[in-house]
Amino acid sequence: MKLFSRQKEIIIHIIFWSIFIFSHLVELKPNSDFGVIIDTINPFSISYILINAAVFYLNYLYLLKRFFDVKAMSKFFIGLILIYSFFIFFRYLIEEILFLKIFGTGNYFEGTPLSYYVLDNLYWGSIPIFASSVIWIVINLIRSLQKEVFLTEEKKRAEIQFLKSQINPHFIFNTLNNIYSLVFKKSDQALPAIEKLSEIMRFTTYETQKEKIKIGSEISYIESFIALEKIRNNNPVFFKLQYEIEDKNLLIPPYLLLPFVENCIKHGILDDAKNPVFFSVKSSKNTVIVATENKINNKLKDNQSGIGIENLKKRLAFYFPNNYKLEIISEGNIFKSYLQIQL
């Protein structure tokens, strides 16, 4: 999906300046041969156009980006004061000081009160300031809406891809075969295994339909996922889980934590008792921190990579734009990941 292009933005500017210059230099005269006449071009008409252009693009390219904020209108008014002050000062400097020295005359009559000069230029300065503000706001609003639609679609694709990778025949059949074997051997693990599989299926069926879920629900899902992984593997599986959760009812997007565990399982060494897979979650009212560490299994080849780091980044960008820190570090045969989110 392409955002509002720079070419279209330039065309809008060309149209605006064409209309602006035409209205400034051309005067309607119904009694003339062509119905219009071109005003005499003089230093003041040229300076007016150049001053308007300078104010327009100072506001468009610099001030609006730094001062326009609907949540802090006082900041926006500071920007307005700055741009109006620039227009008045810049026009006075050129037309009332520089031109007076060069041409012997200014644009205003000698003795014009300062109050009148300021009020008059508040009016004339409104043209480039208002025009640049409207064009900037409209174009950026269009781009923001397009970006939001794009991120929403990417989020949905990422979650669908995750569901397809998680609930796949290989995973289900492998787990059911192991449960069948436990039942046949009349193992005490059979009923807990069925319960864990049921919890996973319930979570992926119902919780994924929600925009936000309780962090405690995803942690329970992760524990069920790890428990089933231990049943699915012939070798022992060693995990070190660490939780510091202030409020288990804290709401987060679904599948925010599991990708880290899934990545460790799919690409890590699980049967090393001295180096268990480390998974940590810390949360407060405003912050969630996730950290993992595992030994890399270089012999393991698995094309089913789940949601993947790249898809996780897209979801983080959608839910927490500019409010998260994600670090992926590979040191020798050790893989580390760290995520901090400001809610």
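Start with the largest nonpolar core, which has 41 residues: select Phe 239, Leu 257, Val 261, Phe 279 and Leu 316, the members that touch the most others. A nonpolar core here is a set of buried Ala, Val, Leu, Ile, Met, Phe, Trp, Tyr and Cys residues joined through side-chain atoms within 4.5 Å. Buried means under 20% relative accessible area, exposed over 50%, and partly exposed in between, with a 1.4 Å probe and protein chains only. Now colour the elements that each supply at least two residues of this core, among them helix H5 (169-184), helix H7 (215-232), strand E6 (277-283) and strand E9 (334-342). H7 gives the largest share, eight residues. Helices (H or I, at least four residues) and strands (E, at least two) are DSSP runs, numbered from the N terminus.

Please keep in mind that this is a predicted model: local features need pLDDT of at least 70, side-chain atom pairs count only at pLDDT 80 or more, and totals for chains, interfaces and linings use all residues. Residues are numbered from 1 along each chain as its sequence is written, and side-chain values use heavy atoms, with hydrogens and water left out.

Zoom in on Phe 239. Beyond residues up to four places away in sequence, Phe 239 touches Ile 226, Val 261, Ile 265, Leu 270, Pro 276 and Val 277, where contact means heavy atoms within 4.5 Å. For a second, separate core of 15 residues, select Phe 4, Phe 20, Phe 76 and Ile 139, which are included in it.

Next, show the open sheet: five strands in the order E4-E6-E7-E9-E8, with mixed pairing. Two strands pair if DSSP finds at least two bridges between them. At the edges, strand E4 (239-245) and strand E8 (324-331) each pair on one side only. Inside the sheet, E7 and E9 run antiparallel and are joined by nine bridges. Pick Ala 291 and you will find Tyr 338 of E9 opposite.

H7 lies across E4 and E6 and runs at about 170 degrees to E4. H8 packs on the sheet, touching E4, E6, E7, E8 and E9, and its direction makes about 5 degrees with that of E7. Axes are lines fitted to C-alpha atoms, for helices over the stretch in contact, and angles run from 0 to 180 degrees between N-to-C directions.

Why is H8 described as largely enclosed by the rest of the structure? Nine of the 10 residues of H8 are buried, so the helix is largely enclosed. Among these buried residues are Glu 262, Asn 263 and Lys 266.

Two single residues come next. Ser 280 lies in strand E6 and counts as buried, at 4% relative accessibility. Leaving aside neighbours within four places in sequence, Ser 280 is in contact with Gln 242, Ile 289, Val 290 and Ala 291. Leu 119, in helix H4 (residues 114-166), is exposed, with a relative accessible area of 59%.

Finally, colour by pLDDT, the predictor's confidence in each residue, from 0 to 100. The protein chain averages 82, and 86% of the residues score at least 70. Among the elements, E6 has the highest mean (94) and strand E2 (residues 36-38) the lowest (56). Over residues 302-307, pLDDT stays under 50. Where pLDDT is low, the predicted coordinates should not be read in detail.
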